[in-house]
Every structure is written in structure tokens, then in C-alpha cells.
Amino acid sequence: MNPAILVLVCLCILALFFQKSKILTCIIFFFIWTLAWTRLQPDYVNYEIMYNLEINKDLGYYGLSLLFKKIGFDYFSCRLIILAAGWSIYLWFIIKFARRCSLVAALYLCTVSFYDTEQNRNFFGFALCLIGISALFKDYTVKGLIKFGFWVLLGTSMHSMNFFFFVFGLLNKNVLKRVSKVQLVLIAAFFAGALWFLFSQVIIDKIEAYDLGVSSLTKNLLIILFIVNIIFIIFVRKFRLKSSITKTLTISQKKYSISENNILYFNLALFALLPAAFYSLSALRVYRYMEILNLSYVTDKLASKWPLTNIGLNFLIILYGASFGIVAYLMHSSSYWDVVLPEFYANEFYAWISAYLL
């Protein structure tokens with residue numbers, strides 16, 4: 001068996017048995033990083049050319065690339081460092097907010113991590129936004145909003161699509177009470193229009209071709225999954241498990257938890273993406289990035305004192321996590337295996353390990 005696939009299988013089995021292991025979570029994210037040691041993914045050459053010619057439309061990413069190039073890094077090394085930084089943020093977030101951290105990490109590994117390696121610029125931008133989003137859970141003050149705005153602005157400078165996450169700053173129960181329905185509709189219309197522009201066919205034709213070969217049936221199926229996600233989050237939000245687990249939480253665990261209102265509002269905000277999604281499925285990348293937030297929340301809500309013994313809840317969580325993998329596949333079905341297979345079969349890290357051991 002391919003060594004990387006063998007490691008993946010072993011880590012997933014361990015994560016199912018040891019769902020709250022921070023050490024295992026760290027190991028899983030290190031393994032995810034090792035999968036990035038390939039140069040044969042479809043977009044790699046284009047990104048390398050942009051790096052060498054110092055061309056990029058997003059100022060933050062351009063400046064970061066220029067800095068690495070001036071220091072003397074080639075694109076391959078620059079890419080690995082950027083991905084390591086992004087996954088370090090994910091690791092921090094999951095350990096801080098997901099009590100079943102290793103299970104969340106394993107589900108992320110098996111679903112959308114493969115494409116985060118390919119779309120590294122967008123991924124790193126969202127990872128920066130994630131720092132800001134986390135500030136809204138317990139610190140919805142002027143200080144918290146400034147911190148949120150700074151990190152989302154920084155993330156947007158890496159990839160313009162992350163502009164969407166600015167809307168999260170408005171999605172607070174107290175703020176929404178002060179906003180009239182007319183104002184709310186106008187704000188939603190503004191963001192929907194902005195997203196429509198960002199993902200309009202003219203723009204997409206110029207910068208990428210991820211939607212080639214995607215049928216209307218596939219788009220409709222994706223939208224159904226999108227809506228089912230909202231329904232599931234509403235269901236989980238009302239879920240009350242008959243367990244003593246909530247009585248045994250530490251002060252730290254109670255402090256660092258994802259707000260129920262925030263996670264619901266964040267998912268409802270995704271409806272603003274639907275008009276843009278009809279032009280380009282790239283708009284649904286935002287939905288894909290919500291996996292980390294949603295899984296951290298869902299695994300906490302569907303927790304039990306002895307998680308391994310509750311087969312039904314485990315199956316439900318795994319099925320929910322798998323839905324994000326299905327979305328990633330459907331979004332990029334024409335190129336999916338061209339992205340995934342090189343991570344296992346043209347991987348320089350495992351080639352080096354194999355050569356060293358032999």
C-alpha cells in the first residue's frame with residue numbers, strides 16, 4: 001500500500017478511538033502538511049510562473065511572495081511555509097474551540113484538505129480571517145470588531161473572495177435587533193451584488209476555469225447540500241443530549257466555545273452566495289471553508305461523555321463531515337483526482353523518506 005495512504009488510514013482510525021487527543025491533532029496536521037510536498041497539481045505551474053515573474057492581483061499575497069523571493073526562497077519552499085502557517089492557525093482554532101479536536105482534524109483531512117493544498121492562496125487568506133472570526137465569539141465589542149476587521153482585511157488582501165467574511169461582523173443578535181428589516185435587506189443586496197461581481201463569468205473567465213464541465217444537475221445538487229447544511233445546523237442548535245458532559249466542562253472549555261447564535265447567522269449568511277454560485281461554483285468555496293467552524297460546533301453539540309460508545313452520533317458527525325468532501329468533489333469533479341492523486345503518488349516528502357529508509 002502507498003505509505004501516505006497507510007498513514008492516513010491509521011490516523012483516521014486512531015482519531016475515531018481518541019477523539020479528544022491534542023497530540024494526535026498535531027500529528028494529523030503535520031501529516032496534512034506532508035501531503036503538500038508535490039509539484040504536479042494542475043495549478044502549481046501557473047502559481048510558480050506568477051511567483052517568478054512577480055505577478056499577482058492581490059496585494060497581500062503579492063507582497064508576501066515578493067518577500068519570500070527576495071529572501072531567496074523558491075516557489076515550492078514559499079508555498080510550504082504559507083501552507084504550514086495556514087494549517088497552524090487551523091490547528092490553534094480546532095484545539096481551542098473543538099473538544100473532540102482529533103476527530104475534527106481527521107474529518108478535515110479526509111474531506112477538503114486536499115484542495116486547500118491546491119488553492120493555497122485562498123486557503124491562507126481564510127485562515128487569517130478565521131483568527132478574526134474567532135474574536136467575535138466572546139468579544140463582540142469595539143475592540144473585538146477592530147481585531148475582526150484587521151484579520152479579515154488581511155485575509156482579503158491574500159484573496160479577494162475573503163471579502164465575503166466582512167458580513168460576519170454584522171451578524172450579532174444585539175446588532176440585528178437595532179437594524180430594521182429594510183436595512184437588513186439592503187445590506188444583503190449589497191453583499192449579494194458584490195459577490196455577483198466578484199464571481200461573474202467575465203471575471204472568472206480571466207482568472208480560472210474550475211467550473212468547466214460542471215452540469216446544471218451538479219450545481220442543483222450542490223445547492224441542495226448547501227440548504228441541507230442550514231437545516232442540520234438549526235437541528236443541532238436545538239439538540240440537547242441527555243448527558244452529564246455539559247456539567248463537567250472546565251472553565252476554559254466554557255470560555256472558548258463557539259456561539260450558537262453566531263454559527264447560525266454565519267450559515268444563514270451563506271445564502272448571499274447563491275446568486276454568485278449560478279455564475280461560478282468557486283463562490284461556494286466559502287461554504288467549503290465553513291467546515292472547520294461547523295464541525296467544531298457540531299462535534300461539541302453532539303458530544304457525549306463516552307463518544308466512542310455512541311455509534312449513532314459518531315455516524316451522524318462523520319456523515320456530516322463527508323458532505324463537505326462531496327461538495328469539494330462536485331465543485332471540481334473534472335480535475336479532482338488530478339489534484340488529489342499527486343499528493344499520494346508524486347509526493348517528494350514520502351519519496352525522500354522511502355529513499356532514506358531503503
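This is a short talk through a predicted model of one protein chain.

Okay, housekeeping. Since the model is predicted, local features need pLDDT of at least 70 and side-chain atom pairs count only at pLDDT 80 or more, while totals for chains, interfaces and linings use all residues. Residues are numbered from 1 along each chain as its sequence is written, and side-chain values use heavy atoms, with hydrogens and water left out.

So, the overall picture. The chain has 20 helices and 0 strands; these are DSSP runs numbered from the N terminus, H or I of at least four residues for helices and E of at least two for strands. Of its 358 residues, 52% count as buried, and buried here means under 20% relative accessible area, with exposed over 50% and partly exposed in between, using a 1.4 Å probe and protein chains only. The accessible surface is about 16,700 Å², and carbon and sulfur atoms hold 71% of that; the method is Shrake-Rupley with a 1.4 Å probe. Now contacts, meaning heavy atoms within 4.5 Å. Among those with a separation of 6 or more, 82% link residues 24 or more positions apart.

On to the core. A nonpolar core is a set of buried Ala, Val, Leu, Ile, Met, Phe, Trp, Tyr and Cys residues joined through side-chain atoms within 4.5 Å. Which residues touch the most other members of the largest one? They are Trp87, Tyr90, Phe164 and Phe168, out of 104 residues in that core. Helix 5, residues 75-97, gives the most to this core, with 13 residues.

Let's zoom in on Phe168. Leaving out residues up to four places away in sequence, Phe168 touches Ile133, Leu136, Phe148, Phe266, Ala269 and Met290. Pick Phe148 from that list: it lies in helix 9, residues 142-158, and counts as buried because its relative accessibility is 3%. Phe148 and Ile133 are 15 residues apart in sequence, and their C-alpha atoms are 6.0 Å apart.

Another one to find on screen is Phe324, in helix 18. Is Phe324 buried or exposed? It counts as buried, because its relative accessibility is 0%. Beyond neighbours within four places in sequence, its contacts include Thr111, Asn229, Tyr287 and Met290. From Phe324 to Phe226 is 98 residues in sequence, but 9.5 Å in space, C-alpha to C-alpha.

Next, a helix pair. The axes of helix 1 (residues 3-17) and helix 6 (residues 101-111) come within 9 Å and cross at roughly 145 degrees. Those axes are lines fitted to C-alpha atoms over the stretch in contact, with angles from 0 to 180 degrees between N-to-C directions. Helix 1 brings Leu8, Cys12 and Ala15 to the contact, and helix 6 brings Ser102, Leu103, Ala106, Leu109 and Cys110.

Both of those helices turn up again with helix 19, residues 336-345. There, Tyr336, Val339, Val340, Pro342, Glu343 and Phe344 are buried. Their cover includes helix 1, helix 6, helix 7 (113-118) and helix 18 (311-331).

Most residues other than glycine have a negative phi. Glu54 is not a glycine, yet its phi is positive, about 60 degrees. You'll find Glu54 in the loop between helix 3 (44-53) and helix 4 (59-71), and it is partly exposed because its relative accessible area is 32%.
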